[in-house]
Amino acid sequence: MADDEGSARDKADRQQAEQLRAAAAAEFATIERDRVAGEAECAGKILVNRCRDQLHESLVARRKAVREKEVAASRLERAVKAREVAARDAEREAGRPERASQQQRQADDSEASRALQQQESARRQAEHNRRLAEGPQHAKAEQASRKQRETELATKRAQDAREAAARAEQAKRDREHYEAKQREYAAKQAAKQTKPGDATPKPASSQPAPAR
């Protein structure tokens, strides 16, 4: 309610100040018209200077009264501005504890963030140091593992070569055995077809011996 009353008062004072300034402007315009008309009237009189002096005195008094209205308008405007400043100060003062609490929370959050960053930095440094320390051992283990893989590969290749040579040797023996059987079979067939006293032996059968 106090805020509403203050706002209504400020609005009324502003309106009054505007009205005073508008009235002052209108009166100044009237005074200026009267001055022009008075100057023209004085020019046609015998005592021109006296007429002008009297006109000037009258205009000065009227302008002074009009300026009082401008002063009153300025006074109202300054009062409104002063109340606005006081209200802002009061609001700022009322919010000071909350701002202080918020600043403290921000400081605490910032401190916690710095602590986390320091922990993370320490962890990364420790990991880096560990890798540096384990570097030679890791390289040595990797070399031994690579050598073992090469040895295993060479052993497998040698085994494959021996098995291939054995298969080739077995195939050769099987072929030689087959050819020997063929020759033996052909000789037996030729012997069966050749009779005593027969000068011309019959040709041996070209049918191959059955595979054994």
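Predicted model: local features only at pLDDT ≥ 70, side-chain atom pairs only at ≥ 80, totals over all residues.

Analyst: Happy to; we can go through the salt bridges and then the disulfide.

User: Good to know. How many salt bridges does a search of the whole structure find?

Analyst: The search turns up 19 salt bridges.

User: Let's start with Arg83. Which residue does Arg83 form a salt bridge with?

Analyst: The partner of Arg83 is Asp10, and the closest N and O atoms are 2.7 Å apart. This pair links distant parts of the chain: Arg83 sits in helix H2, residues 48–94, while Asp10 sits in helix H1, residues 2–43, and the two are 73 residues apart.

User: And Asp10, buried or exposed?

Analyst: Asp10 is buried, because its relative accessible area is 11% and the cut-off for buried is under 20%. Arg83, in contrast, is partly exposed, at 23%.

User: What does Asp10 touch, leaving out residues up to four places away in sequence?

Analyst: Asp10 touches Val80, Arg83 and Glu84. With Arg83, the side chains also make a polar contact at 2.7 Å.

User: Which residues are linked with Arg83 in a network of salt bridges?

Analyst: Asp10 and Asp13 are linked with Arg83 in that network.

User: Nice. Switching to Arg35: which side chain does Arg35 meet in a salt bridge?

Analyst: Arg35 meets the side chain of Glu32, with 2.6 Å from N to O.

User: Where do Arg35 and Glu32 lie?

Analyst: Both Arg35 and Glu32 are in helix H1, three residues apart, which is about one turn of the helix. As for accessibility, Arg35 is partly exposed at 28%, and Glu32 is also partly exposed, with a relative accessible area of 36%.

User: How accessible are Arg52 and Glu39?

Analyst: Arg52 is partly exposed, with a relative accessible area of 36%. Glu39 is partly exposed as well, at 29%.

User: OK, on to the cysteines. How many disulfides does the structure hold?

Analyst: The structure holds one disulfide. The bond joins Cys42 to Cys51, with an S to S distance of 1.9 Å.

User: Why is the disulfide of Cys42 and Cys51 called left-handed?

Analyst: The torsion about the S-S bond of Cys42 and Cys51 is about -65°, so the disulfide is left-handed.

User: Are those cysteines, Cys42 and Cys51, buried or exposed?

Analyst: Cys42 and Cys51 are both buried.

User: Last one. How far apart are Asp53 and Cys42 in sequence and in space?

Analyst: Asp53 and Cys42 are 11 residues apart in sequence, and their C-alpha atoms are 9.8 Å apart in space. Asp53 has its place in helix H2.

User: What's the relative accessibility of Asp53?

Analyst: Asp53 comes out at 48%, so it counts as partly exposed, because exposed would need over 50%.

Notes. Residues numbered from 1 in each chain as written. Heavy atoms only, no water. Salt bridge = Lys/Arg side-chain N within 4 Å of Asp/Glu carboxyl O. Helix = DSSP H or I, 4+ residues; strand = E, 2+ residues; numbered from the N terminus. Buried < 20%, exposed > 50% of the residue type's maximum accessible area, 1.4 Å probe, protein only. Disulfide = S-S within 2.5 Å. Polar contact = N/O pair within 3.5 Å; in protein donor to acceptor, adjacent residues only side chain to side chain. Contact = heavy atoms within 4.5 Å.
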